[in-house]
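Hi,

Here is the structure I promised to pass on, with the sequence alongside.

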Amino acid sequence: MAKIQIICSSPGMRRMGKVHPASAIYPAETWTGEQLDAFRADPAFTIREVSETENVQTDDDFEIRVANEVETRLEAKVAELQRTFDQAVTDKAQERVDELEAKVADLTAQLEAAKATLTAAAATEAKSTTKSK
């Protein structure tokens with residue numbers, strides 16, 4: 001006896017310290033004779049001895065594997081989309097910051113020019129006022 005297949009009619013049941021799927025293959029030494037007898041006595045379980053080369057995958061096992069693979073790929077795609085979105089938001093925010101910084105620089109230049117004009121006008125008026133006295 002190379003392996004033991006434990007088939008559970010109600011997947012998710014706990015027995016012998018484990019949650020059992022619809023079907024699982026274990027090395028023969030995983031279970032003692034007493035444990036295997038207890039499984040055999042429980043109508044929710046079927047115990048089979050299987051050879052090393054026998055394929056014992058059930059439709060449920062296959063569907064679980066497919067669902068897990070789909071979930072894994074979906075999570076990877078979600079993460080990729082989130083990274084792409086985050087980068088697009090960062091890029092757009094940086095563009096807006098650059099635009100606003102350019103506006104601030106332009107307004108600062110206009111303010112400095114206006115101050116220079118006012119200073120020159122004030123100096124000119126001060127000279128005129130001094131000459132007319």
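Let me start with Glu 95, which is partly exposed at a relative accessible area of 42%. For the wording: buried means under 20% relative accessible area, exposed means over 50%, and partly exposed is what lies in between, with a 1.4 Å probe and protein chains only. This is a predicted model, in which local features need pLDDT of at least 70 and side-chain atom pairs count only at pLDDT 80 or more, while totals for chains, interfaces and linings use all residues. Residues are numbered from 1 along each chain as its sequence is written, and side-chain values use heavy atoms, with hydrogens and water left out.

Back to Glu 95: its side chain meets that of Lys 92 in a salt bridge, 3.5 Å from N to O. By salt bridge I mean a side-chain nitrogen of Lys or Arg within 4 Å of a carboxyl oxygen of Asp or Glu. Lys 92 is exposed, with a relative accessible area of 55%. Both residues sit in helix 2 (residues 59–132), 3 residues apart, which is about one turn of the helix.

Glu 99 is partly exposed at 42% relative accessibility, and Arg 96 is partly exposed at 45%.

What about helix 1 (residues 33–41)? There, Asp 37 and Arg 40 are 3 residues apart, so about one helical turn separates them. They form a salt bridge too, with the closest N and O atoms 3.5 Å apart. Asp 37 is partly exposed, with a relative accessible area of 49%, and Arg 40 is partly exposed at 45%. The count of salt bridges comes to 7.

Now for the aromatics. A pair of aromatic rings is described by the distance of the centres and the angle of the planes. Rings of Phe, Tyr and Trp (its six-membered ring) pair if their centres lie within 6.5 Å, and the pair is stacked with planes under 30 degrees apart, edge-to-face over 60, and tilted for the rest. How many aromatic pairs come out by this rule? The count is 3. One of them is Tyr 26 with Trp 31, edge-to-face at 5.2 Å centre to centre and 85° between the planes. Tyr 26 is buried, with a relative accessible area of 12%, and Trp 31 is buried at 6% relative accessibility. Phe 39 and Phe 45 make an edge-to-face pair as well, 5.0 Å centre to centre with 65° between the planes. Phe 39 is buried at 1% relative accessibility, and Phe 45 is buried with a relative accessible area of 5%. Tyr 26, Trp 31, Phe 39 and Phe 45 form one aromatic cluster.

Is His 20 buried or exposed? With a relative accessible area of 1%, His 20 is buried. You'll find His 20 in the loop between strand 3 (18–19) and strand 4 (23–27). Leaving aside neighbours within four places in sequence, His 20 is in contact (heavy atoms within 4.5 Å) with Tyr 26, Trp 31, Phe 39 and Phe 45, and also with Ile 6, Cys 8, Pro 11, Gly 12, Met 13 and Arg 15. A polar atom of the His 20 side chain lies 3.0 Å from the backbone oxygen of Arg 15.

Lys 18 is in strand 3 and is partly exposed at 33% relative accessibility. Not counting residues up to four places away in sequence, Lys 18 touches Met 13, Tyr 26 and Trp 31.

Finally, two C-alpha distances to find your way around. Lys 18 and Glu 101 are 83 residues apart in sequence and 63 Å apart in space. Asp 59, in helix 2, is exposed at 62% relative accessibility. The C-alpha atom of Asp 59 is 9.8 Å from that of Ser 23, with the two residues 36 apart along the chain.

Cheers

Terms used: Helices (H or I, at least four residues) and strands (E, at least two) are DSSP runs, numbered from the N terminus. A polar contact is a pair of N or O atoms within 3.5 Å; within protein, one must be able to donate a hydrogen and the other to accept it, and residues adjacent in sequence count only if both atoms are side-chain atoms.
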